[in-house]
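This report describes parts of a predicted model.

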Amino acid sequence: MKQKLFLILILLFITINISGCWSKKELNEIAIILGTGVDYTKDNKIQLTYQLARPAAFGGGGMGGGPGGGAAMNQNITWIVSATGDTVFDAQSRLSQQIPRHLYLGHNVVLILGERLCRHGVLDVINFFHRQPLSRGTVWIMATPQEAKKVLESHSELQMTSAQAIGFLARLRTGYVLRFRDFSQDLASRGTNPVLTRVELKRQGVAQGPGLEKIHHHQEIIITGAAIFKEDKLIGWLDCQETQGLRWLKGDIHKMGIIIPSPIYPDKNISLDVIKGNTKIEPVYQKGKVKFYLGIKAEIDVIEQQDEEDFTRTEMIKAVENITATKIRQRVKISLDKVQGEYKVDSFGFGEAFHRKHKKEWSKLKNRWDEEFANAQVYLTVKVKLKDTGMQGRRASLKR
Amino acid sequence: MTDKILEGGKIDARQTLYLLVTMIYATLILFIPQNTVAHAKQDAWLSFLVAFTGGVIISLVVINLSLRFPGQTLFEYLPLILGRFPGKIIGFFYVWLFIHFCALVDREYCSHIVAVFMPETPGEVFLIHGTIMAAYIAYCGLEVLARLNQLFLPLNAGLLTTLFVLVTPEMKVINILPVFDTSLLSLAKSTITPLSWFGEIVALAVIIPYLAEQKNIYHLTIKALFFVLILIELATIGVLLVFSPTLTSSYFFPVLSGTKMINIANFVERLEIIPIVIWVTSGTVKAALFFWAAALGSAQLLGLKDYRPLLLPLAVIVTALGYLLHPSIIDLLNFLTQAFPFYALTFEFIIPFLLLIIVLIKGPGKK
Amino acid sequence: MFDFFKSKKTQEAARLESPGVKEQAWRNQKLKANLKENLTTLHFILADCYDVVFREFDFAQLPDIRLALIYVDGLADKIQVSNFVMRSLSLEVPPALPKEYKITKAQAFDFIRDRGLCIHQIEETDSLARLIDAIMSGDTVLLVDGHARAIINGARGWEARSIEDSKTEAVVRGPRESFVETMRTNTSLLRRRIKNPALKIEVRPIGKITRTDVAVIYIKGVVYPGLVTEVKERLSRIEIDAVLESGYLEELIDDNPLSPFCTINHTDRVDKVAAMLLEGRAAILTDGTPYVLTVPTLFNEIIQSPEDYYQRYFFYSLIRLIRLAALIIFLTAPAIYVALLTFHQEMLPTALLLSIAGQREAVPFPALVEVLLMDITFEILREAGIRMPQPVGQAVSIVGAIVIGEASVRAGLVAPATVIVVALTGIASFTLCYPGTLSLRLIKFPLTIIAAFTGLFGLICSLIILITHLTSLRSFGIPFLYPVMPLSPAQLKDVVVRAPWWALLTRPHLLGKENPRRMKAGLKPKPPEKNN
């Protein structure tokens with residue numbers, strides 16, 4: 001009796017285990033998506049573009065392919081497919097009718113949204129990427145003034161695929177970059193409007209190698225600024241310079257260079273690098289008026305000088321610090337004027353700062369926050385500290 | 001009166017502590033942050049604090065009641081308090097409660113696996129898996145269960161802390177500011193669900209007779225509840241800091257979504273296996289504990305010598321219940337947040353409290 | 001006399017009547033006073049035993065007394081027997097005796113026993129059964145005419161393998177000696193390590209036909225209370241015709257006969273057995289095999305090696321952690337690999353996934369088949385390496401592995417990543433204590449298959465069931481997973497790490513509760529106190 005029971009249990013266990021095959025997907029049954037692009041076509045449909053990795057090109061060892069995983073010449077590494085539909089899923093199901101493998105979103109690196117879609121509003125398409133169990137919050141999300149499909153139809157000279165290349169570029173944080181999770185947060189918050197990274201496919205560099213002399217028109221995806229949204233709709237672009245100001249305002253300060261005119265030799269420049277910086281927002285609510293006091297603090301290093309300023313002298317350091325502060329103020333002002341003055345949206349999270357400080361007033365203001373913000377006064381104080389001057393204090397000179 | 005043949009195992013103080021912690025945090029950590037955050041927003045951590053206090057009160061009532069009947073489980077002293085027939089009826093209600101708890105745990109993690117990892121696979125597969133595990137552990141007895149948990153709890157607590165540490169680069173302190181931004185009503189709303197979970201401590205009434213020493217039981221239980229509080233706060237504050245309250249409440253499984261955000265040096269990433277390990281191990285222990293309690297309870301109520309023959313029919317009931325009770329994860333969530341607290345708290349607090357009052361007035365049991 | 005027995009007819013008769021293993025009636029018989037009668041009986045019992053030698057001669061002191069020596073050729077030490085038994089009895093008069101010293105026929109037996117034999121170990125018996133047992137185990141028996149008693153001379157000496165390095169558990173630092181097949185040598189090896197009368201060796205024969213000596217060894221006052229009685233009781237329950245190896249006993253006294261896990265460890269290392277005894281365990285020595293059973297066994301012995309205690313503790317703590325990692329890899333690596341490849345591709349880093357996907361692009365099998373194929377190939381090679389004749393042994397198996405691995409990758413049958421995983425799994429198993437790995441090697445296959453059907457979830461479920469099973473096991477009353485489950489934090493210092501000797505103050509808590517203290521506290525070396 002006991003043995004029989006045991007046998008039945010074992011059989012049951014095996015049966016239910018075998019039924020697990022439902023979710024089974026062999027590695028060579030999936031099409032790994034590395035980049036996703038969404039566009040809004042002229043006839044008001046959603047166009048979904050996937051950059052699919054072609055695994056055979058990633059072979060590494062095995063037969064033929066050399067070590068190190070480099071792709072062989074004249075071999076396609078990625079396959080870019082696109083389809084249109086009424087929703088993202090509609091487009092995807094059209095795609096899956098054409099592709100002999102399961103589309104696999106688990107390794108998507110980047111989500112690029114085309115300009116027409118952004119102007120139309122991104123809420124329509126974003127949700128698909130939330131509900132997908134395989135989609136991740138760490139996907140880089142970007143907007144492009146070009147067509148997202150065109151942007152994905154590219155390859156990278158250094159990385160295996162252009163999607164991975166843009167992912168690595170974003171990780172370096174040289175521009176304003178954000179991830180899907182951050183974007184969703186901004187989208188769901190009244191206190192801030194989303195800002196997206198702006199990417200473009202541009203002619204970049206010259207690929208060199210034996211036999212390559214004739215090929216000169218290589219295009220890479222690069223970060224060229226930021227996209228300003230009002231709620232879920234794009235209302236304008238910022239270029240790289242303006243994005244720097246935006247990053248100061250958002251307190252997102254990594255890897256930023258500043259070029260200032262020399263305090264003594266007006267036609268010469270000094271290059272500085274911001275190594276640390278933070279932005280403190282101090283909202284004040286007085287007599288129905290919203291004011292913001294911004295305290296920016298930065299620590300800078302000297303990277304290069306064109307003339308012969310002597311950084312061992314305290315006056316020189318003071319002078320450089322002052323000029324830098326002015327420069328930072330100018331940059332912030334440019335962005336502020338553009339975003340607050342021209343676009344009239346709060347892209348900086350000032351609303352959230354206000355919420356944290358004035359809980360009661362916020363509930364009255366939150367529904368018309370962008371108007372309040374557009375009329376708000378912003379006062380800036382910038383404090384700069386020169387920390388380091390690289391390997392030299394003053395340069396070797398003829399003059400001394 | 002006490003029938004020692006039924007369950008011969010004894011568990012020591014440390015094992016009890018660990019067991020109580022796992023019994024509560026296992027499912028709390030899976031769903032509850034989502035619901036609580038939905039109501040209490042960034043002040044969710046506060047609601048857990050309140051729920052913890054409630055849990056302490058419930059545990060005091062249950063322990064006080066149990067200690068008046070040394071060496072006897074809830075099912076044995078119920079007839080002593082209420083008389084033979086009504087006592088047995090209430091006893092069967094408790095058996096039902098434990099079966100239901102067990103089915104819920106099974107159902108919860110089956111839903112989770114299906115929703116997150118294997119959408120194409122029918123949920124019954126995981127349901128049966130879960131029940132088989134729970135039944136096997138219950139078959140091995142309380143001692144094995146307690147020992148098993150001695151491996152799993154430290155492991156899980158360690159893994160949870162690791163996750164918390166790894167996800168710190170993604171955290172923004174401003175996400176839980178401003179504090180105390182929630183009205184008392186929403187706070188109360190957000191507290192009641194975790195409180196009903198803390199109230200599962202009522203299973204102590206079955207465990208207490210099997211403790212090797214009972215003198216520190218108050219101390220032990222409060223310590224266990226406190227550990228639960230720490231674990232759940234760790235998880236809740238973690239997800240709140242990573243996602244803002246709005247985003248947190250939009251996810252079914254915030255802890256899992258939070259884990260997906262981990263990316264350190266492009267290498268330490270994609271650690272979703274850690275939450276599965278935490279949920280499956282702790283969920284199994286929890287399900288097994290309630291399974292054991294249900295089997296032991298029915299054996300004691302029916303006056304059987306051994307509870308093990310009851311495991312198979314109970315397993316069938318649990319699997320069927322887990323399958324039939326909730327058609328979808330939405331339904332399960334709605335039940336857990338809207339109906340479950342009142343239903344569970346009746347058994348967890350009101351009945352033990354009334355029993356205690358009866359005992360105090362009528363006076364059966366030891367002073 | 002001999003002629004009588006050599007006649008064909010009687011031999012035939014003897015063969016017909018000579019008792020087999022079923023007839024045990026003679027075992028109750030006693031010796032007779034008449035030598036001729038005794039010899040007849042013995043010839044009767046020992047008929048057709050080609051290796052038994054009967055030697056009759058006259059006693060030098062009293063020539064009308066005839067003596068008979070009976071021994072098994074090859075088991076008895078012939079030099080000892082001829083020099084110190086035959087020579088002294090048939091030729092020489094004990095020099096201390098006066099020439100005119102005469103003994104009577106009745107005194108002959110006592111005289112021979114007390115003055116005539118130059119043998120260390122003698123025993124007197126009148127039981128035919130004991131006599132036969134003694135002959136069969138290599139003793140030389142002396143019968144004296146006119147006396148219903150016999151002298152058993154313990155002059156054993158046979159060809160035996162010399163003491164060598166342990167073949168199954170090698171160490172870099174530590175004693176080289178390992179047990180051999182002879183029990184007496186083995187007990188001497190142990191006694192040399194534990195020079196204490198508290199080291200008790202209790203011998204009993206087991207096996208109705210083989211009469212194999214089985215010794216229970218323990219240190220009185222250290223051994224886990226009640227353990228020896230339990231072991232002896234379990235041994236005395238055994239009624240079997242043969243015990244050729246300790247494995248027979250192992251399966252007959254196991255607590256968990258239905259479990260794939262063996263809860264009785266075995267070893268051929270002398271120092272390991274000594275250490276086990278000193279921790280409060282008991283050992284079961286079986287004659288004829290170098291493998292000694294040690295009970296009770298704990299699961300953590302799988303990651304322990306005697307060398308851990310001889311080498312510097314820092315490094316060997318790391319080694320233990322590595323062994324633990326190897327244990328986990330060994331058990332789960334193929335399963336995890338299959339699960340990740342067939343279900344959870346999202347859990348691999350992108351670059352790694354693309355690389356593996358590239359490798360597997362041309363592979364015609366599903367991941368499970370691929371892994372099983374390689375795994376079984378590996379097991380075949382491993383088995384072949386053991387069974388192959390020594391000269392072709394290891395080299396061929398290693399070359400085979402490389403050739404098959406390399407060729408199957410080149411042929412596109414297997415992805416290189418799979419070969420790496422399977423090879424790693426195989427190598428990881430060699431870091432562990434061999435007996436313990438056998439059951440894990442078995443369990444690895446179902447785990448892989450389950451992982452291929454239900455992914456990591458199924459794998460975790462199976463591991464939970466596995467751990468539950470391990471938790472429910474007991475070895476001679478001690479929980480198999482002690483001290484992890486039930487948790488005893490103070491004991492963990494000698495499980496996953498090895499604390500320095502000056503911190504290992506106590507024996508393992510449960511095992512050594514009879515005599516918990518191992519050493520004086522505060523032995524940690526300190527700089528000498530300054531003399532003022």
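## Terms for helix packing

Two residues are taken to be in contact if their C-beta atoms, placed from the backbone, lie within 7 Å. Angles run from 0 to 180 degrees between N-to-C directions.

With these terms, helix α5 (residues 108-116) of chain C lies across β3, β4 and β5 of chain C, and runs at about 150 degrees to β4(C). Helix α6 (residues 128-136) of chain C also packs on the sheet, where it touches β1, β2 (66-72), β3, β4 and β5 of chain C. The direction of α6(C) makes about 55 degrees with that of β2(C).

## The sheet of β1 to β5 in chain C

The five strands of this open sheet in chain C follow the order β1-β2-β4-β5-β3, and their pairing is antiparallel. At the edges stand β1 (52-58) and β3 (122-125) of chain C; each has a single partner strand, so one side of each is left without a neighbour in the sheet. On average, and with direction ignored, neighbouring strands of this sheet are turned by 20 degrees against each other.

Within chain C, strand β4 (residues 140-144) pairs with strand β5 (residues 150-153) over four bridges, in the antiparallel sense. C:T140 has C:N153 in β5(C) as its bridge partner.

## The sheet of β6 to β10 in chain C

Another open sheet of five strands in chain C has the order β6-β7-β9-β10-β8, with antiparallel pairing. Its edges are β6 (199-206) and β8 (265-267) of chain C, each with a single partner strand, so one side of each lacks a neighbour in the sheet.

Strand β7 (residues 212-219) of chain C runs antiparallel to β6(C), and eight bridges join the two. C:V203 stands opposite C:A215 in β7(C). Helix α8 (residues 227-237) of chain C lies across β6, β7, β9 (282-286) and β10 (292-295) of chain C, at about 170 degrees to β7(C). Helix α10 (residues 270-278) of chain C packs on the sheet as well, touching β7, β8, β9 and β10 of chain C. Its direction makes about 50 degrees with that of β7(C).

## Contact between chains B and C

Chain C gives 19 residues to the contact and chain B gives 26 residues. On the side of chain C that touches chain B, 14 residues are nonpolar, four are polar and one is charged.

## B:G130

B:G130 lies in helix α5 (residues 123-140) of chain B. B:G130 counts as buried because it has 29 C-beta neighbours inside 10 Å. Leaving out residues up to four places away in sequence, B:G130 touches B:D106, B:Y109, B:C110, B:T284 and B:A287.

Key. Residues numbered from 1 in each chain as written. Chains lettered and ligands numbered in written order. Predicted model: local features only at pLDDT ≥ 70, side-chain atom pairs only at ≥ 80, totals over all residues. Pairing = 2+ DSSP bridges. Nonpolar A, V, L, I, M, F, W, Y, C, P; charged D, E, K, R; others polar. Buried ≥ 20, exposed ≤ 12 C-beta atoms within 10 Å, placed from the backbone.
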